[in-house]
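Keep the viewer open as you go.

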Amino acid sequence: MGFFERYLTLWVTLCIVAGTTLGHQFPAAFAQLGSIEWAQVNLPVALLIWVMIVPMLMKIDFGALRQVGQHWRGIGTTLFINWAVKPFSMALLGWFFLRHVFAPWLPADQVDSYIAGLILLAAAPCTAMVFVWSNLCRGDAAFTLSQVALNDAIMVVAFAPLVALLLGISSITVPWATLAISVGLYIVVPVVIATLLRAWLMRSGGQARLDVWLAKLGPLSLAALLLMLVLLFGFQGEQILAQPLIIAMLAVPILIQVYFNSGLAYLLNRQLRVTHSVAGPSALIGASNFFELAVATAVSVFGIHSGATLATIVGVLIEVPVMLSVVHIVNRSRGWYERPQVGGA
């Protein structure tokens with residue numbers, strides 16, 4: 001890992017503080033940036049997300065889907081958590097905490113929007129940061145690559161219907177046109193661009209040339225992530241400083257779902273006798289969120305200053321430190337995980 005990746009938590013924290021401070025001090029400037037839209041899509045945010053995601057997607061060889069059979073138990077576990085457990089558990093947690101436990105302290109007109117943001121956050125499995133988490137827990141690179149490739153292929157067709165289903169269950173109106181535009185802009189288009197660029201580089205210079213370009217684009221991708229954080233927290237700066245209690249309440253279901261889903265994936269993999277190098281990234285992929293897509297979709301569907309966008313930004317706020325804690329747990333528990341089970345071989 002490079003210097004910036006090693007201290008990612010620090011850079012993320014500094015950008016969050018900078019964005020929140022700037023947004024509070026210069027609300028008019030951020031309001032102007034927030035008004036630069038096309039079809040309800042904020043163009044500065046969209047551009048930064050493309051710059052951030054495309055280099056990361058270029059690492060994915062969709063040909064790796066051929067390797068799925070080699071790790072079928074780990075991949076099956078992760079798919080089960082990603083698509084059958086995590087989105088629904090988040091919808092349930094959002095309903096329980098925001099409509100009931102915390103309802104007296106939340107603005108009633110924003111509860112639906114907050115729940116929508118939580119659903120958007122949980123409905124797409126992480127793509128970009130998974131490679132970092134897998135590397136930190138000494139995960140199997142082939143498994144991680146094939147799992148991410150498979151998740152991205154599923155996400156292209158499943159994200160919008162799943163979100164619509166869960167928003168419908170939560171009695172929230174689904175703006176289908178805007179949701180479709182978001183899926184096209186933030187999933188389909190980046191995947192197509194990254195796939196074409198990867199194919200061109202592989203044809204013209206092979207893996208060596210691809211590696212050179214990935215090394216060049218990596219810092220640009222990270223810079224786009226950090227600048228996007230400054231922008232997003234700038235847009236929400238006044239709300240964050242004015243509503244610290246709401247931020248804390250929104251963080252509760254997010255924290256619970258991360259630890260619940262990572263723990264469930266980890267235990268299921270152990271029960272299936274999956275190797276630790278597969279179980280580690282499986283647990284991390286199962287728990288982490290594609291927050292870039294969640295934020296972009298929330299901005300497009302509900303608006304920059306909506307409760308949904310605030311909820312997804314809370315996800316950004318805690319994603320890195322919480323996932324690092326999961327990495328720590330996975331690494332520290334390796335001895336227990338590899339200990340022979342009662343009745344096992």
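A disulfide here is a pair of cysteine sulfur atoms within 2.5 Å. With that cut-off, a search of the whole structure turns up zero disulfides. Cys15 is buried at 12% relative accessibility, and Cys137 is buried as well, at 0%; buried means under 20% relative accessible area, exposed over 50%, and partly exposed in between, using a 1.4 Å probe and protein chains only.

Before going further, a word on the source: this is a predicted model, in which local features need pLDDT of at least 70 and side-chain atom pairs count only at pLDDT 80 or more, while totals for chains, interfaces and linings use all residues. Residues are numbered from 1 along each chain as its sequence is written, and side-chain values use heavy atoms, with hydrogens and water left out.

## The chain overall

The protein chain has 15 helices and two strands; helices (H or I, at least four residues) and strands (E, at least two) are DSSP runs, numbered from the N terminus. Of its 345 residues, 56% are buried. Contact means heavy atoms within 4.5 Å, and among the chain's contacts with a separation of 6 or more, 85% join residues 24 or more positions apart.

## Two helix pairs

Two packed helices are described by the angle between their axes and the distance between the axes. Axes are lines fitted to C-alpha atoms, for helices over the stretch in contact, and angles run from 0 to 180 degrees between N-to-C directions.

Helix α13 (residues 291-302) packs against helix α14 (residues 307-332) at about 165 degrees, with the axes 8 Å apart. The two are therefore roughly antiparallel, on a scale where angles under 35 degrees count as roughly parallel, over 145 as roughly antiparallel, 65 to 115 as roughly perpendicular and the rest as oblique. The crossing of α13 and α14 is left-handed; that term applies if the near helix is turned anticlockwise from the far one by less than a right angle, and right-handed applies if clockwise. On the α13 side the contact is made by Phe291, Ala294, Val295, Ala298, Val299 and Phe302, and on the α14 side by Ala308, Thr309, Thr312, Ile313, Val316 and Glu319. These residues divide into nine nonpolar, two polar and one charged, where Ala, Val, Leu, Ile, Met, Phe, Trp, Tyr, Cys and Pro count as nonpolar, Asp, Glu, Lys and Arg as charged, and the others, Gly among them, as polar.

The axes of α5 and helix α11 (residues 244-271) come within 9 Å and cross at roughly 155 degrees. This pair is therefore roughly antiparallel, and its crossing is right-handed. The residues of the contact comprise 17 nonpolar, six polar and two charged.

| Residue | Relative accessibility | Contacts |
|---|---|---|
| Gly94 | 0% | Arg99, Ile115 and Leu118 |
| Gln147 | 0% | Gly74, Ile75, Thr78, Leu79 and Ile285 |
| Glu319 | 4% | Trp133, Ser288, Asn289 and Phe291 |

Where do these residues sit? Gly94 has its place in helix α5 (residues 72-101), Gln147 in helix α8 (residues 141-169), and Glu319 in helix α14. From C-alpha to C-alpha, Gly94 and Asp112 are 9.5 Å apart in space and 18 residues apart in sequence. Glu319 and Val258 are 61 residues apart in sequence, with 9.0 Å between their C-alpha atoms.
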